[in-house]
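Walk through this structure by its side-chain contacts. Keep the coordinates open and follow each pair in turn.

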Amino acid sequence: MKNETSKRISVINAILLTAVSLLSIAAIAIPSARAASAMLPADQCDAEAGSEHDLQRNLSFRPVATEDLRIGIALSACREAFNQGSGPRQTFQLARVLHAAGQHAQAFQMLEKASEGGHAAAMVNYAVMLGEKGDHDTAFALFEKAAATGNIMAAYNLGVAYRDGVGTSANGSLAAQWFERASVARDNLGAFNLAVMLDEGTQVREDDQKAARFYRLAADRGNVDAMVNLGLMLENGEGMQADPVAAAAMFTKAAENGDAFAMTKIAKPGIDPATTASAEPSEQANLILAKSGSVK
């Protein structure tokens with residue numbers, strides 16, 4: 001991309017655990033009609049702590065977002081399930097709840113046990129924690145193992161590892177392939193990072209048309225930085241015919257999500273963009289520094 005000093009072409013600089021739109025669930029089964037009190041602890045653990053990012057979760061129950069965990073109930077059920085010798089899925093779910101309760105050391109231990117039991121989502125979360133401790137080689141091996149099961153978080157993190165040379169040699173071609181796999185599974189960060197690589201043209205061949213296509217995919221999935229970059233491409237006619245109306249629509253959408261730069265692009269003369277800003281800027285603004293501090 002030429003002469004685009006304002007374009008956000010920075011990408012995530014560490015292996016992250018993404019929290020948004022990592023996989024598409026075609027159908028969610030209706031929860032069991034049994035009362036919670038009649039459930040076995042393993043079933044209640046599944047009902048209270050199943051993760052949407054876990055392809056091995058019990059589909060009889062709806063997934064529970066981290067912020068919606070009923071920690072007391074879930075912790076009691078999952079501890080009891082673990083004590084009764086339940087499988088690696090419930091062990092992973094116990095780790096989720098322990099982490100949400102602030103018991104990170106115990107969560108780490110449970111993730112290790114669930115990983116050893118072959119649970120893919122546990123492998124990814126455990127790998128992220130190992131990476132934070134500096135053990136990038138083991139983390140990379142776990143990402144590879146989890147990705148072989150179809151885990152999308154693992155695919156995304158392999159993209160980051162190959163792009164940045166963390167736990168392996170840097171390889172732009174492989175990074176792009178893994179980001180594309182994550183994108184196909186509706187991961188907005190995979191789509192965004194692939195677009196950035198195609199936009200920059202440093203690790204893979206520059207391809208503005210394809211970059212715009214993946215920016216659009218990420219933008220449609222709510223990625224604010226992708227909205228801004230796509231708006232700039234539309235504004236300047238990069239990889240497409242210039243379309244100021246469509247560009248303004250992209251900037252408006254990003255501004256509605258709290259992006260300060262987008263606000264300056266659509267501000268009318270005499271209006272201070274700061275006065276129209278949302279109370280909190282988008283968590284994805286500028287660098288999309290997604291948090292790795294929770295077990296998904």
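The count of aromatic pairs in this predicted model comes to 4. Take Phe108 and Tyr126 to begin with. Their ring centres lie 5.1 Å apart and their planes meet at 55°, so the pair is tilted. An angle over 60 degrees would have counted as edge-to-face. Phe108 sits in helix H4, residues 104-116, and Tyr126 in helix H5, residues 120-132. The pair therefore ties together parts that are 18 residues apart in sequence. Both Phe108 and Tyr126 are buried.

Phe192 and Tyr215 make another of these pairs. Here the ring centres are 6.0 Å apart, and the planes stand at 50°, so this pair is tilted too. Phe192 belongs to helix H9, residues 188-200, while Tyr215 belongs to helix H10, residues 208-220. The pair links distant parts of the chain, 23 residues apart. Are these two residues, Phe192 and Tyr215, buried or exposed? Both are buried.

Turn next to the covalent link. The structure holds 1 disulfide. Cys45 is joined to Cys78, with an S to S distance of 2.1 Å. The link is right-handed, at 95° about the S-S bond.

Now the charged pairs. How many salt bridges does a search of the whole structure find? The search finds 5. One of them joins Arg89 to Asp46, at 2.8 Å from N to O. Arg89 is in helix H3, residues 88-100, and Asp46 is in helix H1, residues 41-49. These two residues are 43 apart, and the pair links distant parts of the chain. Arg89 has a relative accessible area of 24%, so Arg89 counts as partly exposed. Asp46 has 3%, so Asp46 counts as buried. The cut-off for buried is under 20%.

Arg70 and Glu48 meet through their side chains at 2.4 Å, N to O. Glu48 is in helix H1, whereas Arg70 lies in the loop between H1 and helix H2 (71-83), so the pair ties together parts that are 22 residues apart in sequence. Arg70 is partly exposed, with a relative accessible area of 45%. Glu48 has 9% relative accessibility and therefore counts as buried.

A further bridge sits elsewhere in the sequence. Lys265 pairs with Glu235, and their closest N and O atoms are 3.0 Å apart. Lys265 is in helix H13, residues 260-266, and Glu235 is in helix H11, residues 224-236. The two residues are 30 apart, and the pair links distant parts of the chain. Lys265 is partly exposed, with a relative accessible area of 33%. Glu235 is partly exposed, with a relative accessible area of 33%.

About 150 Å³ lies in the largest pocket. Which residues are closest to its centre? Of the 11 residues that line the largest pocket, these are Glu52, His53, Ala65, Thr66 and Glu67. What is the make-up of the lining? The residues lining the largest pocket divide into 4 nonpolar, 3 polar and 4 charged.

How values were computed: Residues numbered from 1 in each chain as written. Predicted model: local features only at pLDDT ≥ 70, side-chain atom pairs only at ≥ 80, totals over all residues. Heavy atoms only, no water. Salt bridge = Lys/Arg side-chain N within 4 Å of Asp/Glu carboxyl O. Helix = DSSP H or I, 4+ residues; strand = E, 2+ residues; numbered from the N terminus. Buried < 20%, exposed > 50% of the residue type's maximum accessible area, 1.4 Å probe, protein only. 1 Å grid on protein atoms, 1.4 Å probe; cavity = no way out; pocket = protein on both sides within 12 Å on 5 of 7 lines; lining within 4 Å. Points joined across faces, edges and corners; volume = space filled by probe spheres on them. Nonpolar A, V, L, I, M, F, W, Y, C, P; charged D, E, K, R; others polar. Disulfide = S-S within 2.5 Å. Phe/Tyr/Trp six-rings, centres within 6.5 Å; stacked < 30°, edge-to-face > 60°.
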